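Here are a few notes to read alongside the model. Have it open as you go through the points.

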Amino acid sequence: MAPIALSLSVALGTVNFSGVARRSGNFFPCSSRKIRTNLCQFSSSQGKGIRCAISSSSKNNGGVAEISESESAKRFYAWPDYKKPRVCILGGGFGGLYTALRLESLFWPDNKKPQVLLVDQSERFVFKPMLYELLSGEVDAWEIAPRFSDLLANTSVQFVQDKVKLLDPCDHIDVKNPKSASCGGTVYLESGLQIEYDWLVLALGAETKLDLVPGATEYALPFSTLGDAQRVDSQLKTLERTNFSKKSLIRVAVVGCGYSGVELAATISERLQDRGLVQAINLENTICPTAPPGNREAALKVLSSRNVELLLGYIVRSIQRVDDAETSEKPNGRPSQGAQSDLASSRYRLELQPTERGSQGRTLEADLVLWTVGSKSLLSTLESSKTYREQLPLNSRGQAETDETLRVKGHPRIFALGDSSSLRDSNGRLLPATAQVAFQQADFAGWNLWAAINNRPLLPFRFQNLGEMMTLGRNDASVTPSFIEGLTLEGPAGHAARKIAYLIRLPTDEHRLKVGISWLTKSAVDSIASIQTTLTGVFTGQ
């Protein structure tokens, strides 16, 4: 078998990690450890040679390591120091990345500072609440989707770009006799790399559930990742270009009128203006049923002022592609970015069924179908394993059952947060899968890891709802803070408040500074352009 190459992005530096569970002597039994002192070196059961090259261009030894090895060889990730606790964080979203940064920020006693490895299948962190601004052109991709290697360049957090295949925890084996243990378990990656850990953080996130309705998987586009946003933007550009000289409207169907669906409908309707019609479909008889009244009313006001048709009280029964003799697109393939001519000529038919008896169903056609309903935890998509399924407690949504300290039940060395956790509030309701919840859980997960490593009491997580925000266009948003009852900021004021809040939430000080300067520059340019337009109108008498 020809050699294969792996590219691993590794960032090194000083580390302050908050909480890596109990002390290093309390490891649990698992497979034998294979340790090397070189960061890029891996052990091989067949003794195959490994070539390792580290770029010296970045600071603090950060760079990209290239490793080539026989495909059949078993490879183990070699931690730099076998004496220090090993923390493996799966998933680089709000939960995973911010847990790593929280660990970095804490003060650690001598010889207690853990090694942290972050694993994600993407090379970029994505600030998902601002994906809508990519469609409106308000932000650039680098601002809301920086590379992990850049974010972690000045830390000692190591990063591996790979996809998780299987978990094999063993911290449940002998909880009452921890002295007989050597590690907490093993993570198996798609590339064949195996990572033995002492502490594990599950923050894999979720993906849109498209298999709810026939045809959705083939013809509807989700909107939850950077790739999704780029595909939607690409298709909108194609539709705008092909319909430029036509009188027909560009029709966009948005399935779901929760926050994501409403923000999409508002953003796309503003972008298309009189050239398009957005039809938003929702099961409920209202939009954003869980939103504060102020946000809901602001959204209704904005949507009613644009070319948006709300189809409330309907469910989508099926999605079919309308046959077109001029297109050669395959019937069972989702449109790709390369098939631009096919995208422009494809239309889709949605069959709607009313939720109220006695009402008639509807059929509508659309040039683009966006799906925002339903999600499934990526934890449930890992490769089946009898041992894994029996050991890790998952609920019906594929989330790990956790206690109030965010530890997985029955697994004292595994923490779960965000979409990977099924933590409930004081009323017994599952916490919402929002960035705000994941961000707060990351802070607690980091602290509890610190407490566990240092034999300190762990803190119970308590979610503090700070309010809710939604974008409604380039210079429009709605913000309802929880600490001022009855207050809702709308329009430009809400837009400014939302951007400032998200700027503060960006991952690192360095990235916040770069993005802040970029946004101020863009704002100044827009203001000058607006003044010039106003003066031109005054002088020309228009």
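1. Start with Ala501, which sits in helix 12 (residues 491-505); helices here are DSSP runs of H or I with at least four residues, numbered from the N terminus. Ala501 is partly exposed, at 26% relative accessible area (buried is under 20%, exposed over 50%, partly exposed in between, using a 1.4 Å probe and protein chains only). Met469 is 32 residues from Ala501 in sequence, and their C-alpha atoms are 9.6 Å apart.

2. A word on what you're looking at: this is a predicted model, where local features need pLDDT of at least 70, side-chain atom pairs count only at pLDDT 80 or more, and totals for chains, interfaces and linings use all residues. Residues are numbered from 1 along each chain as its sequence is written, and side-chain values use heavy atoms, with hydrogens and water left out.

3. Now look at helix 1 (residues 94-105) against helix 11 (residues 435-453): they pack at about 35 degrees, with axes 8 Å apart. Axes are lines fitted to C-alpha atoms over the stretch in contact, and angles run from 0 to 180 degrees between N-to-C directions.

4. Who touches whom there? On the helix 1 side, the residues include Tyr98 and Arg102, and helix 11 brings Phe439, Asp443 and Trp447, among others (contact means heavy atoms within 4.5 Å). The residues of this contact split into ten nonpolar, three polar and two charged.

5. On cysteines, Cys88 is buried at 0% relative accessibility, and Cys170 is buried too, at 5%. The disulfide count is zero, a disulfide being a pair of cysteine sulfur atoms within 2.5 Å.

Methods. Helices (H or I, at least four residues) and strands (E, at least two) are DSSP runs, numbered from the N terminus. Ala, Val, Leu, Ile, Met, Phe, Trp, Tyr, Cys and Pro count as nonpolar, Asp, Glu, Lys and Arg as charged, and the others, Gly among them, as polar.
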